[in-house]
Each structure stands twice: as structure tokens, then as C-alpha cells.
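Student: Hey, can we go through this structure together? I'd like to ask things as they come up.
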Amino acid sequence: MSALKTLNPYLKKHKKLLFLGGIFIILSNFFTIYPVKFVGKAINIIAETLQQHSSLQKHELLKQLLLYGGIIVLAPVISGVLKFYMRQTIIVASRRIEFELKNNIYKHYQKLSFTFLKKSKVGDLINRISEDVVNVRQYLGPGIMYSINLAIMLIIVLFYMLISDPVMTAYALLPLPFLSYFIYKQSSIINKKTKIVQAEQSNISSFVQDTFSGIRVIKSFTQEEYITSKYINKSNDYRQKSISLASTEALFSPLMMLIIGISNIFILYVGGQRYINGKIDVGTITDFFLYLNILIWPFTALGWVTSITRRAEASMERINAFLEVQEEITNNCSDIYPIHGNIRFENVSYTYPNTGIKALDNVSFEIFSGETTIFMGKTGAGKSTITLLIERLIEPDSGTIYIDNKPLKQHNLELLRNKIGYVPQESFLFSDTIFNNIAYGIENPSLNLIEKYAKQAEIHSSIMEFKNQYQTEVGERGVTLSGGQKQRISISRALIKDPVIFMFDDSLSAVDTETEEKILSNIQSNIELKTTIIITHRVSSTKNSDKIIILENGAIKEEGSHDDLINKNGYYSELYKKQITQKRL
Ligand SMILES: Nc1ncnc2c1ncn2[C@@H]1O[C@H](COP(=O)(O)OP(=O)(O)OP(=O)(O)O)[C@@H](O)[C@H]1O
């Protein structure tokens, strides 16, 4: 139960609702059990009347029967109303805790480091915030409710049963623990099998998702038949697992009926014997049937509750494992001050912890406010890693990064990130309208403002050609747009933040050189002092740049202006000659 201790603060917060729920459980149980003895009494009166042993007058008899009948009808109605409030308190509390838990997990996810999230599986992150939280909620709601219910009901019923007849009580209750045990065992098997079926289901979903994402490749490589047979195999696995689950579930009712039947036989046999021996009256036998009827569900629930508690514990352990991960990068400054955009790397090295790849090795350079710096180099040279470090999404293993002569760690991280306009290598758009995608980083934008920045990114005229213009839904990850359109929307999204430092991570590759030039001059003409970092493989992007840095295997190989590097006759000069010749051809 140790993992579930994490829930204590949540339970404390909602203690009033839970306490009220407990009161409703006690009262509703009382009103369920209290009328039972009146059934027995009524039957005794009728039996006595039939045998003409009754000393009561006819109208008195009727009066008593009516009174008992009234109690028998009215008490369950009151109990029903109380049960409604019992659910309204305990289940509502569990739903509130689920809401708070989900929000807290989500908030925690946002705090976790970029590298931690990168190495975690998306499915795993989703499962912990969805399925695992649902498991915990089932324990908090039905789990707690039925446990308290069983305890209270057992106390009240036992009290009434014992004062009626202790021997019959023992016999009637004897098979019920077996019922709990079987239900517990069966629920555990069902849980295991359900998990397998769910895993198969998500396996199929991922496969189908992959198929449709890669439909172009599948068709080009004429792999339709192969992919269909793969789907059928997966589907077959799912079918077998589902059938196995269904057969376990099918055991539920017969098992319950069998054990209840045994209890009923005990009551009938032992009760009959005791009646014949004059130890009890006929009404007591009826009462015991009714008591047993009341106890069946709580004993069934006991097995089920034990199983969901175990499941919740496992889920909570998985959630705790994430909640206990400390945020690696913290913001220790809340000052507001201007950022000018001077960047300095001093002997910076970085190794990705998950792969052990040394992406940067003792890198030093300086970029001045308002300058445009180009980073070039072969794939995997460490260019994108530099952008991650500037945004402090990762921290150097050694060396220091300075922004405006102040170590990056001492900056107000929120303020700094707000002043950085980053355009990623692979344009990522949210499944929303173009308007909302551009407006992502700002509050309450007007259409005029959105249009202004779309124009700067040279995408306005294309958007105006769409039927719904800025209200066009871009589809999942922007699938309804061309690569160049996505890139330019992504650029507008960075521009609208009016940042001081721009970082284009190979994000102008899908636009032609002419448009690239226009976009860059739009940025520079917007505000005089903007620091621009462009990661590119195209020498055409180096036009109007102040500095070019060539990286190789995480280290700086060449650094200087276009003319400097041409004179060096190194990587840049060769690339330049190659690309210029290709252009002429
Ligand atoms: N999230 C990551 N986890 C582990 N290793 C990584 C990660 N991202 C990058 N790397 C590794 O770090 C090295 C530098 O990667 P980086 O993305 O900085 O290169 P790049 O120069 O931007 O390459 P490209 O031009 O292909 O984008 C590469 O060897 C890469 O495999």
C-alpha cells in the first residue's frame, strides 16, 4: 500500500466530502437492513393467523401488516436516496482527485527536462496520465466506497443475524469468504488479460497509424499485400486474446450463482431443522434469506476491490516513478530586464546522456547583438545541439554560455525563452487553425497582427487562397499543407513573438532561395538589433551574414566571414564552389 500513500494529501483535501460519504453509507445501510426483520414479523403474523394461533383482532392484524408493509416499502426508498448522495460524495471526491492528479502529472511533465522526455516513450507518458490515473481513481471511488460499505453492512447485518440466530448466522456466512476469494482471483486474471488485450489494441492502432502516415511509401514500394497480411496477423492475435478474456468473464455469473446457491441450501436445511426443533420461527428463515441477499454484493465487491486496490497500487507506483523525477533545469531568477542578444560560448562541451554521443567538444565562439551567424557542417556535427543549449533546454557538461555577458544559468529563463524565436528543423504545427498556430506564443492576437507576420514570412498570399483563409484547419501535424507552407507558418509563429534572438534550424530548406532572402531581410528590417542564427546546408543563406561557423564532429573547424573562409580553401570554400557550379548548370 506504500505507493498509495502519495494520495494522502488528496484524500485530506477532500476529507469533508469523504466523511459525508461515510455518513451516507452508514445511513443507507441502516435503511436497507432495518426493514428485513419486519418481513419475518409479517410472515410470522400471517403464519400464526393461518394456524389460528393469533390472539390479534382482524383490524389490529391489518394495522400491523400495513405498518410493516409501510416500513418494508419506505425504508429501501430512503436507502436509495441516501445511496444517491453516497455516490454524489465519494465518487465526486474521486473524480476531483483524478482531475487534480492528472493536472499535477501534466504540470510535472512540463517541468521535466528535454532529454528525459526525449528518451521516454510517448505511449508510456500518455498511459501514466490516462490509464494509470483511471486505475487509481477506481480505487479511490468505488474501491473506498465499497470497502466502507462492506465493513458497515457486515457490522449491521451481523448484529441483526446474531440476535436472530447465531447458529444460522455461521452457516449462512460460511460460503461467502469463498465467494470473495474466487472473485478476487477471477478479477486478477481478468485484469491481466485486459492489459494484454489493451496492449494488442494499442499495437494495432500504432500499426494502422504508421500505415496511413507512410501510405505514400507503402504504395510506391507496392507493399499493400504484405502490410495487409501483417495487419491480419496482428488482428488474429487480438481476436485470440479477446476470446480468452471473454471466457474468463463468462465464469463470473455461474460462479456467483453456485456459491449463493450453497448458502441458500445451508439456510434452508439448517433453518428447516431448527424450525422443526422449535428453535426458530418461520419468519427468521425468511429474514436470513434476505440478509444473505444483502450480503452477496458486498462480498462480491470485496474480491473485486482487493483486485482494483492491487492494480491501483501498481499504477500509483508507475505514476510516482515519474513524479519523483526531479526537474533538472530550474529558473532561479524572476527579474525583468532587456535582452540584447549577445551570445558567448566558452569551452562548451555536451554529451547526450542516453546515447553517450559527444555532440559538442570544447566549443567557443561569440555572436554580437544584431549579427547574423551561419552554422554549417555535415549532419550530426552538433549544430542543433547549439540551439538547444542557447534555449537552456539542455545544460553543458563543462564550459559556460553567456548571454549579454551574464551566465545563462543566472538569467530569468522564462524571459529569455520569450525573447528567442526558434524555428525547428521539422516544422511542427498543432492540429488547429492556421490563425491559432501563428498566434501560439502570444495572448489575444488580432487578425491584423497575424497577417503582418504571415506577410513577413511570405505566406499571407497562400493563406488567402485557402477557402477558410486563416481559419483553415491544418489537420494532424499540419498534414494538409505543403512542406514550404508549414515552414513559413512556423516562421510566422516565431516572428510574432518579436524575439531578440532568432534561430532557424535548417528551417528555410523548403523555400526557394529568393523567398529565403526576402524572409531574412523582412526580419532584419523589422527591428535594428536582432541576433540571427541560421543553421543551413545552403551557401546561398550565407549572403548578408556576418560570420560563418563550420562544425565538424562537435568542434569548430572554420570560423570567419564568407571571404575569410573562401580564402581558407577548406570545407566552406569547397561547398561553395560545388553549390555555385550546380546552380550554374
Ligand atoms: N536527443 C538526442 N539524444 C541522443 N543523441 C542525440 C540527440 N540529438 C542529437 N544527438 C546526437 O548528437 C550529435 C549531434 O546532433 P545534432 O542534432 O546537434 O547535429 P546537427 O549538426 O544538427 O545534424 P543535422 O544537420 O543532421 O541536423 C549527433 O551525433 C546525434 O546523433
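This is a predicted model: local features need pLDDT of at least 70, side-chain atom pairs count only at pLDDT 80 or more; totals for chains, interfaces and linings use all residues.

Student: Ok, how many residues surround the ligand?
Tutor: There are 15, and the closest are Tyr352, Thr379, Lys383, Ser384 and Thr385. A residue is near a molecule if its C-beta atom, placed from the backbone, lies within 6 Å of it.

Student: Which helix gives the most to that shell?
Tutor: Helix α14, residues 383-390, with 3 residues. Helices are DSSP runs of H or I with at least four residues, strands are runs of E with at least two, and both are numbered from the N terminus.

Student: And how do the shell residues divide by class?
Tutor: They split into 4 nonpolar, 9 polar and 2 charged. Ala, Val, Leu, Ile, Met, Phe, Trp, Tyr, Cys and Pro count as nonpolar, Asp, Glu, Lys and Arg as charged, and the others, Gly among them, as polar.

Student: New topic: at what angle do α12 and α13 cross?
Tutor: Roughly 160°, and the axes of α12 (residues 252-276) and α13 (residues 282-323) come within 10 Å. Axes are lines fitted to C-alpha atoms, for helices over the stretch in contact, and angles run from 0 to 180 degrees between N-to-C directions.

Student: Parallel or antiparallel, then?
Tutor: α12 and α13 are roughly antiparallel to each other; angles over 145 degrees count that way, under 35 as roughly parallel, 65 to 115 as roughly perpendicular and the rest as oblique. The residues of the contact of α12 with α13 divide into 10 nonpolar, 4 polar and no charged.

Student: What about α3 and α4?
Tutor: The axes of α3 (residues 36-50) and α4 (residues 58-111) come within 9 Å and cross at roughly 155°. So α3 and α4 are roughly antiparallel to each other. By class, their contact has 9 nonpolar, 2 polar and 1 charged residues.

Student: Where is Asn444?
Tutor: In the loop between α16 (434-438) and α17 (447-456).

Student: Buried or exposed?
Tutor: Asn444 counts as exposed because it has 6 C-beta neighbours inside 10 Å. The cut-offs are 20 or more other C-beta atoms within 10 Å for buried, 12 or fewer for exposed, and partly exposed in between, with C-beta atoms placed from the backbone.

Note on methods: Residues are numbered from 1 along each chain as its sequence is written.
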